[in-house]
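Welcome! Here are some exercises on reading a structure, each with a worked solution. Have the sequence and the 3D view open beside you as you go.

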Amino acid sequence: MVGIELRGVTKTFDTPTGPLHAVNDVWLCVEEGSIHGIIGLSGAGKSTLLRLINLIERPDSGEVVVDGRELTGLSEEEVRHARRGIGMIFQHFNLLANRTALDNVALPLAIAGVAKREQRQIAIDRLETVGLPHKRDAYPAKLSGGEKQRVAIARALATQPRILLCDEPTSSVDPQTKGTILGYLREINRRFGITIVLVTHEMSVVRAVCDVVTVLDRGRSVEQFAPNDHLHRPRSAIASFLARSEIVLEPLGDDASVAVAGGE
Amino acid sequence: MSSLLRAAPEILQAFGETFYMLLVTVPLAVLFGTALGTVLFLARPGSLLRAPRLYLALNATVNLLRSFPFLILMIALIPVTRLLVGTALGTTAATVPMVINAIPYFARLAEQALLDVDRGVIEAGQAMGMSRKQLVWHILYVEARSGLANCVTIVTVSFFGYSTVAGLVGGGGLGDFAIRWGYYRYETLVLFVTVGIMVACVQAFQFTGNTVVRRLDKRI
Ligand SMILES: Nc1ncnc2c1ncn2[C@@H]1O[C@H](COP(=O)(O)OP(=O)(O)OP(=O)(O)O)[C@@H](O)[C@H]1O
Ligand SMILES: [Mg+2]
């Protein structure tokens with residue numbers, strides 16, 4: 001079954017330097033119950049593509065179909081309603097700083113109109129799912145990066161979504177925490193059968209958890225493959241580049257910078 | 001010293017009048033200024049509400065009202081004041097230009113406080129399926145609350161100062177008192193004591209404000 005289908009979606013931004021095709025005619029099928037990676041360099045359009053799925057960004061053309069429903073054909077109100085079935089987590093967690101962990105997790109339930117008492121119960125249950133029941137009264141500032149992301153996962157799972165969108169969820173945590181977060185994502189995927197779309201720029205993340213990965217280059221989908229298929233040889237330049245990327249320090253010039261470059 | 005004793009009842013009355021002006025001005029400014037600031041924030045290009053004309057109109061109005069020096073605004077508004085409170089003289093009359101000046105002032109401060117809210121948190125709210133109204137109440141006001149509390153302190157201190165100008169239209173208050181005792185009667189001691197009390201008031205406003213802001217702010 002197809003969980004998410006993008007049919008020729010395009011998103012163009014007006015910039016001072018002219019129109020920018022952030023997402024350019026992308027066709028994509030995400031199998032229900034799978035973990036689907038989206039990989040690409042910075043500015044490739046990964047975040048924009050992810051936001052097109054829950055229509056936080058409206059495509060200029062093309063269709064977005066989630067669980068068999070064409071979201072692009074719905075009214076604003078219906079789209080808001082449909083978003084309750086699509087959780088989302090972010091690189092910088094995006095928790096409310098002035099709300100405790102518990103209140104953050106309860107918020108989507110309040111929006112969905114769940115009764116107060118039930119909100120609390122569900123929120124406590126979700127915090128247990130991510131192993132943080134003891135942090136329920138802590139404010140985000142008092143949590144580590146990994147804990148914040150787990151609270152964010154608990155929040156995204158509050159309304160029992162069928163789909164979870166992840167925008168670089170492990171890009172601002174240390175390698176060990178990265179393992180914890182990815183472990184939780186896989187666990188959630190296996191246990192609840194939630195379809196996950198995972199945006200990243202690291203091939204190691206893709207190899208760790210993704211069933212399929214789509215390579216995005218300047219707004220276009222250039223390649224799709226199963227990352228653990230050892231016979232697969234990346235066809236696109238970007239894919240092979242990302243597969244062997246290592247950090248190379250550029251010599252100090254006019255603008256000293258650290259660039260990511262592919263080997264050979 | 002005896003001059004202080006003679007002045008004491010009038011000082012008390014002047015303070016009473018000044019606080020009356022503040023008690024009318026600040027709550028109205030916070031109420032309408034927050035509303036106006038929120039609409040400015042929402043209607044700003046690239047924000048949550050696509051209403052470029054509304055934004056231009058409100059932006060221009062706020063700038064217009066903010067560009068009047070307070071004294072000039074007060075004089076210019078005399079006809080409006082007469083219409084609203086029946087007279088252009090007295091303490092209540094003086095609050096009309098104060099409120100009209102304070103609303104756009106607070107709106108600008110509130111707009112800035114809302115702009116300081118992290119865009120990512122707003123996006124998280126959108127992803128939860130929040131409507132614009134829910135985004136305002138469940139995200140924006142929650143995350144901007146310490147910033148907004150700080151804005152309240154700023155207008156209170158500012159309009160504590162502006163209220164003295166009200167003395168010029170017979171509004172009474174500390175400004176009026178200072179002119180009568182310090183300027184016409186050369187009672188320097190009385191003037192100094194009054195200034196001392198005003199400084200203490202501002203310190204108290206600021207201290208209270210800072211304490212509240214610290215309580216509300218959970219970011220650190
Ligand atoms: N609201 C916007 N207005 C104008 N340009 C935008 C907007 N959002 C994104 N862009 C541009 O679209 C392109 C794709 O952006 P996007 O954030 O999707 O990239 P990304 O692949 O997620 O990059 P990163 O890895 O840095 O997060 C970029 O060039 C970006 O500058
Ligand atoms: Mg991104």
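**Exercise 1.** How far from an oxygen atom of ligand 1 does a backbone N or O atom of A:Gly45 lie?

*Solution.* Step 1: the distance between the backbone N or O atom of A:Gly45 and the oxygen atom of ligand 1 is 3.0 Å. Step 2: compare this with the definition of a polar contact, a pair of N or O atoms within 3.5 Å; within protein, one must be able to donate a hydrogen and the other to accept it, and residues adjacent in sequence count only if both atoms are side-chain atoms. Step 3: look at the side chains too. An N or O atom in the side chain of A:Lys46 is 2.8 Å from an oxygen atom of ligand 1, and for the side chain of A:Glu168 the distance is 3.1 Å.

Before you go on, a note on the ground rules. This is a predicted model, in which local features need pLDDT of at least 70 and side-chain atom pairs count only at pLDDT 80 or more, while totals for chains, interfaces and linings use all residues. Residues are numbered from 1 along each chain as its sequence is written, chains are lettered from A and ligands numbered from 1 in the order in which they are written, and side-chain values use heavy atoms, with hydrogens and water left out.

**Exercise 2.** Describe the shell of residues around ligand 1.

*Solution.* Step 1: list the residues that are near, meaning that one of their heavy atoms lies within 4 Å of the molecule or strand in question. Around ligand 1 they are A:Phe13, A:Leu20, A:Ala22, A:Leu41, A:Ser42, A:Gly43, A:Ala44, A:Gly45, A:Lys46, A:Ser47, A:Thr48 and A:Glu168. Step 2: sort them by class. Ala, Val, Leu, Ile, Met, Phe, Trp, Tyr, Cys and Pro count as nonpolar, Asp, Glu, Lys and Arg as charged, and the others, Gly among them, as polar. The shell then has five nonpolar, five polar and two charged residues.

**Exercise 3.** How many cavities of 30 Å³ or more does a search of the whole structure find?

*Solution.* On a 1 Å grid over the protein atoms alone, a cavity is a set of points where a 1.4 Å probe fits but cannot get out, and a pocket is an open set with protein on both sides within 12 Å along at least five of seven lines; lining residues have an atom within 4 Å of a point. Grid points are joined across faces, edges and corners, and a volume is the space filled by probe spheres set on the points. Step 2: the search finds two such cavities. Step 4: turn to the second largest cavity, of about 40 Å³. Among the residues that line this second cavity are B:Met74, B:Ile78 and B:Val169. Helix 5 of chain B gives the most here, with three residues, and the lining has seven nonpolar, one polar and no charged residues.

**Exercise 4.** What is the volume of the largest pocket, and which residues lie nearest its centre?

*Solution.* Step 1: the volume is about 1000 Å³. Step 2: of the 29 lining residues, A:Ile56, B:Ser47, B:Leu48, B:Arg50 and B:Gln126 lie nearest the centre. Step 3: the lining of the largest pocket has 12 nonpolar, five polar and 12 charged residues.

**Exercise 5.** How many helices and strands are there in chain B, and what is its mean pLDDT?

*Solution.* Step 1: chain B has 10 helices and zero strands. Step 2: pLDDT is the predictor's confidence in each residue, from 0 to 100. The mean for chain B is 92, and 100% of its residues reach 70 or more. Step 3: within chain B, confidence is lowest in helix 9 (residues 173-184), at a mean of 84, and highest in helix 7 (residues 132-143), at 98.

Note on methods
Helix = DSSP H or I, 4+ residues; strand = E, 2+ residues; numbered from the N terminus.
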